[in-house]
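Please open the model in your viewer and keep the sequence panel beside it.

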Amino acid sequence: MSEWIEATLCPQDVVPVNGRAQSYSSATTAFAYVIMGRLIEYDLWREGEESNSVPDLLSDDPMPHKEWELVRSAHRLLSDDFREFGTLELSKMAADREMHADLRVIACVLASIGYAELERYDQAVAICEDLLSQELDFSQPGEAMLQLHASMRNAEIKNYTPALRWAEAAKIALIRESTVSAIGQKTSDALLFSAEENINALSEVLSNEFFPPPTKRPSTPDAWLDLESTVGSAALEYMTESYKDRIVDRGWKTTTRIVGKEDYISRNLYAYLIRAQVAGHWKKYLQASRQLGMSIILRPSGEAQDVAKQISQGLSFLRTGWATKAYKDALSLVREEGPLAALDSELQKALTRLQRDITDLEMQVLRAGAPLLRAEEAQSVCRALLEAELPRRAPRAGGWYLTHVPLWEAVTALAREISDGDYLAQRMRSYVGDEDTTQAFHIERAASVLDWRRVSVAEQENWIQAYADSALEDGDDWKVLLDGILYKICRTGNRRALDLLNQVVGSSMTLAQAARIVDLPDEVGSQLMQSHSEAIIDLCVTSMAETQESAARNAWSFGGHNAALIAAVFSVKRSREEGLWDAIGDFLRDTAVAADHKDPVLDYLASCVRSVPSGFLQRVTRDPARLTSRHSSLFLDSDRPSGARLRFLCATGSLDESEAYDIFTLLASDDEPSSRAEAAKSIPFISRAFGNSIPAGYLLSMTMDRSVFVRARAAEALGSLLGSVGDGETVLSRRLIEMLGSDGVAVPFGALRGLRIAKENRVRFEQSVIVDSLQSISREHAMVRVRQAAKSLLS
């Protein structure tokens, strides 16, 4: 029965191709075709055989003998529609004492693969170990293949010690084995390669150390070279392209691909995945899962129901391959674009796994899926995470990770959803002053998104006292955290916190403190801003001058606080400060200053142009070209048109219609989704500036952009223009209703933001067809915040 092991591990040497005569039985040959995933070639081969010797695998008719039953069950296993049925049939064959031991091994390995794909991981391990516990007359390659599969399946569920033991047992069995045929040697070499690689990988995981990849790797056996050549450029593509950019914008800098080629790529990658598992190579199995998951997420096809199923499959493969970064990116996209059912499925699985195992994968699901949880659920999960006993470092396939990074990413997402902030606030406070300051940055992010109105006054007072008692120096990571939390408590109107902030900034004003003061709500911070107006003005003027001096030397920096934006917000709130308006005007008109510094200011002024002194506007817009930047920065090319500048000039009436459309067209036709999003964001400004003359076709085309983030911006523009587009109102309203019903959160939420703007502009839509969509969303949308936003528009 060694030919069946050879057909499993080296099927390309068994099938009659390239003029090679058929030298194996029909059943063995058919099995090799199935393992390779070459079913079209199998059909062509079958047509040339006698029909009674090669039965139809799609038929339910009885097979000639058990070997053919194995072939048909393997075929069913590899079919999405019959996988569970095929897995059960193969399980029965693995337990059939009348079958040859090698056939039972193959049936067992395939059944284990089926259980793993059905996410019944304990059964995938148990079926292998059960057969290995029986005293059977295995061939040595057959026994080694089963031991390696047991090794791989144990590693999959993080049972690394038994996984290593099985890999070592396989190596011993293979070293004892002596072979005669070239193909037999080829299969042994392939299995030995898997055993040695598994031993190295698992030993590293169990050693609590991370070793860099060796500079000289062992030579790859012929069987693995043949296997990897079947994937070819399909695998290479997903290893080298910018995956995050591609999932955000699936048309990003690529030529159009035909569906047939996509099917070919997916089939090859799936065949590679199956054969990597058959050979028992843990790392290559993970790699194959990652590649297949990425390919599915990148290019789903078909009807919405088919796409949802494919996305769920893709997420499952990425999780199986422990592709943390790709999994994180894909989860984020699914949250924004849908299908939310796929995200909810991953979330429910992660919640189940939290009871026994917490890895960075579960934390990434919680980060993306937190908005799907009710407040009490988010509270419970947050508590479970923070009370879990996690090591500082944890192993993952291919290295290690610091557990606090994904932990606090998940907690930050959960912090948005909880209704009682006391527990989280207390836990964060317990870390302050710890010798390990690496967590301070991540805790600060959680504190920044927590709604401190949901924290009791008593706990707020505990934080204020911790700040007052602190002897930490400025710049210390924990001091930065305390500064941020003091500001958040100030926003709730806490009088003691405001007095303490007043005392702190009175001794030394920084840009961070100035930004917090001007950002406080007027009813809370107006007195504080008035008391420190002179210090804020001096600091902003000095900082803007320093930025201009650096720009003149073609030197610039990124990060930190934008002094010009702080000055603009301050001046809008206190418009009589003419001296600060002059400094802002000089800053914006300096062509040496990079767009990174100017654009946020221009965007802010465009949004509140009626509150800006007319003299300032006349001076700044006298020569619009001065608002551009002659130097490129790290993030923006000086030749790229600025959406913020377009919006500002439209808002001030300083741009003629033809020039506005020229800039808009350049942005709308750009390859980068960020530029197209800028174009969509500019549509309401152009519409208001030129009498609603923007063609409906522009807006409609952007609502169907290939990037979900462009569609979200277009939905916002569409909603904000409701009631003001004249002849195109009916068409645009119909499209708006469609976008409100879109899957995911980005597009519906964008449309709701736009409707909020329309409502603030006194547009009445309570009696329109849109109200039906809002009522549906308020009842049925999967995310709490989206439901709440819809309800607020109906109130």
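Begin by colouring the chain by pLDDT, the predictor's confidence in each residue on a scale from 0 to 100; the mean over the chain is 85, and 87% of its residues reach 70 or more. This is a predicted model, in which local features need pLDDT of at least 70 and side-chain atom pairs count only at pLDDT 80 or more, while totals for chains, interfaces and linings use all residues. Residues are numbered from 1 along each chain as its sequence is written, and side-chain values use heavy atoms, with hydrogens and water left out.

**Confidence along the chain**

Select helix α7 (residues 121-132), where confidence is highest at a mean of 95, and then helix α12 (residues 233-240), where confidence is lowest at a mean of 45. Helices here are DSSP runs of H or I with at least four residues, strands are runs of E with at least two, and both are numbered from the N terminus.

**Helices α1 and α8**

Two packed helices are described by the angle between their axes and the distance between the axes. Now select helix α1 (residues 2-9) with helix α8 (residues 140-156), which pack at an angle of about 40° with their axes 9 Å apart. The axes are lines fitted to C-alpha atoms, for helices over the stretch in contact, and the angles run from 0 to 180 degrees between N-to-C directions. The angle makes α1 oblique to α8, since angles under 35 degrees count as roughly parallel, over 145 as roughly antiparallel, 65 to 115 as roughly perpendicular and the rest as oblique. Show the side chains of I5, T8 and L9 of α1 and of P141, G142 and M145 of α8, which make the contact.

**Helices α15 and α16**

Next select helix α15 (residues 282-298) and helix α16 (residues 304-320), whose axes come within 7 Å and cross at roughly 155°. The two helices α15 and α16 are therefore roughly antiparallel to each other. Among the residues that make this contact are Y285, L286 and S289 of α15 and F317, L318 and T320 of α16.

**Helices α19 and α21**

Move on to helix α19 (residues 360-369) and helix α21 (residues 404-415), whose axes come within 8 Å and cross at roughly 20°. That angle makes α19 roughly parallel to α21. The contact includes D360 and M363 of α19 together with P406 and L407 of α21.

**The hairpin**

Select strand β1 (residues 393-396) and strand β2 (residues 399-402), which pair in the antiparallel sense over four bridges; strands pair if DSSP finds at least two bridges between them. The bridge partner of R396 is G399 in β2. The two strands form a hairpin with two residues between them, and G398 in the turn has a positive phi of about 95°.

**Two backbone details**

Most residues other than glycine have a negative phi, and most peptide bonds are trans. Which residue has a positive phi although it is not a glycine? Select E119, whose phi is about 65°, in the loop between α6 (101-117) and α7. Finally, select G338 and P339, which are joined by a cis peptide bond with omega of about 0°; P339 is found in the loop between α17 (324-337) and α18 (340-353).

Methods:
Contact means heavy atoms within 4.5 Å.
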